[in-house]
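Open the model in your viewer and keep the selection tool at hand. The stops below say what to select and what is there.

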Amino acid sequence: MRDKILNSIRQTVMAILTIIVALIIGAVLVSLSGNSPAEAYLTLFHGAFGSAQRMSEVFVKMIPLCVMAFGVSVAFKANLWNIGGSGQFIMGAICSVLVGLYMGLPSAVAIPVSIIAAMIGGGLWAGFAGWLKTRFNANEVITTLMLNYIATYFLAYLIYGPMMDPGGSLPQTKQIAESLRLPLFASGMRVHMGILLIIVLLVFMLFFWKSIFGFKVDLVGKGEKIATCSGISVKKTIVCTMLISGAITGLAGWNEVYGVQYRLLEGISSSYGNISVVVALLGGLNPIGITIASFFFSALLVGGATMQRMTEVPYSIVDIIEGLIIVFVIARTAFDLKIFRKHNGKEKRRC
Amino acid sequence: MSSLAVEMRNITKLFRGVKGNSGVDFKLKKGSIHGLLGENGAGKTTLMNILYGFYQPEEGEIYIRGNREVISSPTKAISLGIGMVHQHFMLARPFSVVENVMLGKKGRHRFLLDTAKTAKELVNLSRKYKMEIDPYSKIWQLSVGEQQRVEILTALYMGADILILDEPTAVLTPQEVDMLFETLRKMRDDGKSIILITHKLEEIISVVDEVTVLRDGKLVGTKVLTPDTTKEELTRMMVGRDVLFDFPQNDIKPGAVEVSIQNLSTKNDKGLDALSNLSLDIHKNEILGLAGVDGNGQKELCEVLTGMRKADGAIMMDGENIINRNPAFYINKGIAHITEDRHETGLALDLSLKKNLVIKRFIKEPFSKHGFLNEKAITDYWNKKRDEYHIKSDSADEPARALSGGNQQKIVLARELDNNPSLVIANQPTRGLDIGASEYVRTKILEARNEGSAVLLISADLEEILQLSDRIAVIYNGRITGILPKNAGIHEIGSLMLGKKQEAAVNA
């Protein structure tokens, strides 16, 4: 127990340090661009938390980020670098829109069916990459990345073609019926009941890592050879892990359709795919860590947009901070390993 | 002119505040072979790495041929005539021998390689020290013993007259060891000074003139070897206590055949024949020792027996052919596997200790219930095994990586030997362990045999095979070249290990 607690404290401290260092370097860049860092960050903070409206925006962005990060973290834990979050998000969104627009089900049935459809869409999209890996030894980084492009252009085909809203000229589908839309928390704000998704998934993730299957995923990630020797079918586990990872990520697509956009449109996955990878890593693949990290990143996104509007500081500073955090998170992993080795030398005990 | 080739005075080396060496003195006489003895972690390699310039000591002075030197890098060491042959060879496998030798040396021409001339010099050098080798063969075509010769030749070619060999006998057959020793003696007579680092003193006792023993980073003593120096005396210096070299014999007779391997054939990862028509019977209450040089099919045999590799032939157990099933089947059948490579196939190094203990059984109760792991049952089980196997650890949740090799192997043993396995495959179970830990592992393997398990003990260490086995099979090139009784002579086994056919089949 003690080791576990110490470890999570260390992880938290490291994550916070990472963010602080990124913000400090960001500050240096802001002042180099001739602006005041204090003002920029104050505006950023104010932009994210300054009013109920803005807080609501933070949560609107946090839902997909957090859900996707949960999704990719499942794969990451098995050492499968699923960076195809946005493709799985899009496939989830497409499948759930099909249910909402064309099946004509009553809303009590349509919503659960659309959730399942989104999970199947995202799950199969990622599961396919998992299958390619086990069958042809195709690197999942490449396949999931390429599948992102296929999903993006497939979406474009649908909204410029067969699914284009007949009543308009914009590349987007019709809106789903109002009865299907997730209720808002308060009028005038965009934050919606999808926030419950975070809570449900957080509980699910906490239990998942205590389950037999969760342990298999972890073991495969710690070493495929030892997992095989322990009688685990690594191939089956890889495919199942990708299916689950994609299914969760697909839910984020469902959320975006039923809670925010109410239709398919280009760029619906925004940049959530890339950021969710950072969120998952910054959160140390830990469900609670991911929840906190996703909150931080959505605040950064929302605040950054405001900062750009209110000051001379360009939005790219947010991209830079994001990039720095990626670099630090990766460097930290390497750094950790190094510390560990030395620590290891010291800790060796005689028999 | 000093009569010492190397003198190291009061060497102290700290690793993050922990002493790797503390106040060690070391003297190497010119024209002598010096054994540097100690258990794993005693600081032998650290001391030699200081001499070779890999590490800088915190304290102490080094004198080479009487002159004080600061050896700041291996390049400096080489320029002082110090050469080192590492335990893991540092050779580029696709390259030829002569190309490897040239790798470490500046060419005479600025841009062109001088292959032909170097090859000629190399041949002369190898004749001189009786290390015949074809300079144009590629490294991957050479046996391990030949690769070692390349390493030694490289060092000599660079002008070494002080040669450090790190565990040189670990990978060799007895015949190859004899050849190596002859070469070393020739080099000594030629005025070169040689240091042999080892923890297996039996093997070097015949060749060294003097030994220095380290324990826990400190100097225990230096001793000039006389004909009456005994193994036990040196062991006591190394370990600090007496060690059980001869395990108590017991009267348990081998029982019925537990596993019968019949005409097993399979290919290795390169698609070459790894096992050809290999047959073996392993009895209950029996340790069958499988002797052989590494890479003669032992690994593939283990893999076939645990479902990690497909093969032709039959494995009969409980009246049923159980070949080509999945790994889980063999685990459920009670086949325990102490793998050759603890770090890859024995343990998940980043996983907690207690979970490593149940990785083969977490699906079953009480370790999991209703699809979820039962942390409490796992912790209780860990506590029980930790006490039973005297595993030294701070907490059940620390990763396996944090433990020493001996303690890691104890976890593997605790996992594999639990529940009275029907067959125990122990592949190099004491490789890389110090004497104390090896003794423990061997005791546990004997215990498993006494409790009814059939044991297949695979080892390149003949001493170990002879100590434990009830019968000894020898494997060469994927075939069994002979089966010998337990009291077989070491040279008889050795010649079978080199592929000489057995004259008269002895079946004990």
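Start in chain B by selecting B:G406, B:Q409 and B:L413 of helix α14(B), then B:A437, B:V441 and B:K444 of helix α15(B): these two groups meet. Contact here is defined by C-beta atoms, placed from the backbone, lying within 7 Å of each other. The residues of this contact divide into three nonpolar, two polar and one charged. In that count, Ala, Val, Leu, Ile, Met, Phe, Trp, Tyr, Cys and Pro are nonpolar, Asp, Glu, Lys and Arg are charged, and the others, Gly among them, are polar.

This is a predicted model, in which local features need pLDDT of at least 70 and side-chain atom pairs count only at pLDDT 80 or more, while totals for chains, interfaces and linings use all residues. Residues are numbered from 1 along each chain as its sequence is written, and chains are lettered from A and ligands numbered from 1 in the order in which they are written.

Now show both helices whole, α14(B) at residues 405-416 and α15(B) at 435-450; their axes come within 10 Å and cross at roughly 10°. Therefore α14(B) is roughly parallel to α15(B) (angles under 35 degrees count as such). Axes are lines fitted to C-alpha atoms, for helices over the stretch in contact, and angles run from 0 to 180 degrees between N-to-C directions. Helices (H or I, at least four residues) and strands (E, at least two) are DSSP runs, numbered from the N terminus.

Next, select the open sheet of four strands in chain B, ordered β12-β11-β14-β15 with antiparallel pairing. Strands pair if DSSP finds at least two bridges between them. Its edge strands are β12 (273-283) and β15 (320-321), each pairing on one side only. Strand β14(B), residues 312-317, joins β15(B) over two bridges; pick B:M316 to find its bridge partner, B:N321.

Most residues other than glycine have a negative phi, and most peptide bonds are trans.

- B:N263, in strand β11 of chain B, has a positive phi of about 50°. B:N263 is partly exposed, with 13 other C-beta atoms within 10 Å (buried means 20 or more, exposed 12 or fewer, partly exposed in between).
- B:N10, in strand β1(B), residues 4-15, also has a positive phi of about 50°.
- B:E365 to B:P366 is a cis peptide bond, with omega near 0°. B:P366 lies in the loop between α12 (353-357) and β17 (368-369) of chain B.

Note on methods: Parallel < 35°, antiparallel > 145°, perpendicular 65-115°, else oblique.
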